[in-house]
Amino acid sequence: MRVISHLKKNIQGVVALLFLVSEAVFGQEPNALFKSGEEGYKCYRIPTIILTNKGTLLAFAEARKNGCGDAGDIDLVVRRSADGGKTWSPMSIVWDDADNTCGNPAPVVDRKTGNIILLSTWNLGTDHEKQIIAGTSKDTRRIFVLSSNDEGNSWSKARDITSDVKKPDWTWYATGPCNGVQMQSKKYRGRLVIPCDHIEAESKKYYSHSIYSDDGGLTWKLGGTTPTDMVNECTVAELPKGILLLNMRNYNSTKVRQTSTSKDGGETWSELKADSTLIEPVCQGSLLWYDHTGRKPFLAFSNPANQKSRTNMTVRLSYDKGKSWKLKNVLHEGPSAYSNLVVLPNGNLACYYEAGQKSAYESIVFKELMFDDFK
């Protein structure tokens with residue numbers, strides 16, 4: 001009987017181990033915050049994440065009702081963590097406009113008030129990107145702002161700011177999708193800056209640009225546009241001395257990220273410069289400036305580091321403001337796509353990213369990063 005009991009315990013242990021292994025192998029890790037097919041949605045995409053003044057993590061996503069396509073019935077959803085990402089609240093809906101598309105979340109925190117400001121774009125669920133670009137859609141792409149003053153538990157009604165931040169001859173438009181920044185430099189202290197992109201109606205050329213607010217998100221102004229096209233989805237970080245660095249998805253044949261800087265709070269942008277180290281398959285990425293007590297400041301960047309496919313989610317570190325990237329950490333060698341970096345309350349980095357085994361859009365994963373893992 002003792003032998004049988006011992007065998008049973010061993011078998012139970014092996015089964016438990018195999019279960020854990022299968023979870024890792026098939027992408028069902030406990031840190032997958034959103035999994036396609038759950039909660040009544042066929043697909044979750046477009047991860048963005050921020051840390052509030054009180055230390056709450058807010059992880060946003062697009063919840064796509066009928067599939068992984070960019071059009072149709074899409075809602076904005078969020079999960080919250082008050083313990084640095086160890087546990088998470090159930091999913092809650094931030095914005096649901098019937099069968100229409102509510103997407104491209106771009107959150108930023110006003111550190112003075114603690115309010116969370118969320119920029120987003122909207123279009124009719126029946127309008128597709130190609131129709132909007134061609135000018136044959138029933139409506140157009142519009143820009144909205146929502147806010148929360150209670151750590152993301154509740155949200156204001158979405159407010160249309162399209163006329164303030166979109167030119168009449170622009171068709172397609174996207175906010176982020178990535179977090180915005182609040183500037184810390186003396187001249188522009190408190191300014192909220194959101195990275196965006198647009199397409200011109202006549203030329204069909206696509207550019208990156210910025211929008212900004214100097215009153216905590218109440219009113220918004222259109223900032224500068226990149227002087228050259230062939231770039232769109234972008235991410236921004238504030239370097240020392242108030243210099244903004246814009247890092248952009250690039251559509252020319254080089255398959256490397258493009259960068260631009262601003263010395264006037266995002267009102268104008270410099271000529272584009274390619275970063276040959278930051279290879280990409282043409283995909284979104286995330287940029288973050290880290291400046292915290294006890295560690296030398298650095299720039300961090302995440303994206304699928306592969307020029308042929310959306311695979312190999314990688315986070316890189318630069319200690320010379322992006323001139324070189326000597327350290328990296330490969331988080332997921334398999335299919336992976338959009339991502340957003342965040343600094344945790346304990347000072348560690350975390351990456352919130354799309355990943356799976358057969359498809360990058362199987363789940364959105366949250367992962368805390370250890371500095372010792374960067375080589």
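Author: Ground rule first: two strands pair if DSSP finds at least two bridges between them. Strands are DSSP runs of E, at least two residues, and helices are runs of H or I, at least four residues, both numbered from the N terminus.

Reader: Fine. And the model and numbering?

Author: This is a predicted model, where local features need pLDDT of at least 70, side-chain atom pairs count only at pLDDT 80 or more, and totals for chains, interfaces and linings use all residues. Residues are numbered from 1 along each chain as its sequence is written, and side-chain values use heavy atoms, with hydrogens and water left out.

Reader: How do strand 1 and strand 24 pair, and over how many bridges?

Author: Antiparallel, over three bridges. Strand 24 covers residues 363-369. Ala-32 sits opposite Val-365 of strand 24.

Reader: What sheet are they in, and in what order do its strands run?

Author: An open sheet of seven strands, ordered 1-24-23-22-21-20-19, with antiparallel pairing. Strand 1 (32-35) and strand 19 (286-290) are the edges. Each has a single partner strand, so one side of each lacks a neighbour in the sheet. From one strand to the next, the twist averages 20°. That angle is taken between N-to-C directions, from 0 to 180 degrees, using axes fitted to C-alpha atoms.

Reader: Switching to cysteines. How many disulfides does a search of the whole structure find?

Author: One. A disulfide here is a pair of cysteine sulfur atoms within 2.5 Å. Cys-43 joins Cys-68, S to S 2.0 Å. The S-S torsion is about 90°, so this disulfide is right-handed. It links distant parts of the chain, 25 residues apart: Cys-43 is in strand 2 (residues 43-51), and Cys-68 is in the loop between strand 3 (57-64) and strand 4 (74-81).

Reader: Is Cys-43 buried or exposed?

Author: Buried, at 0% relative accessibility. Cys-68 is partly exposed at 35%. Buried means under 20% relative accessible area, exposed over 50%, partly exposed in between (1.4 Å probe, protein chains only).

Reader: Last topic: where is Ser-137?

Author: In the loop between helix 2 (129-134) and strand 8 (142-148). Ser-137 is buried, at 17% relative accessible area. Leaving out residues up to four places away in sequence, Ser-137 touches Asp-127, Gln-131 and Ile-132. Contact means heavy atoms within 4.5 Å.
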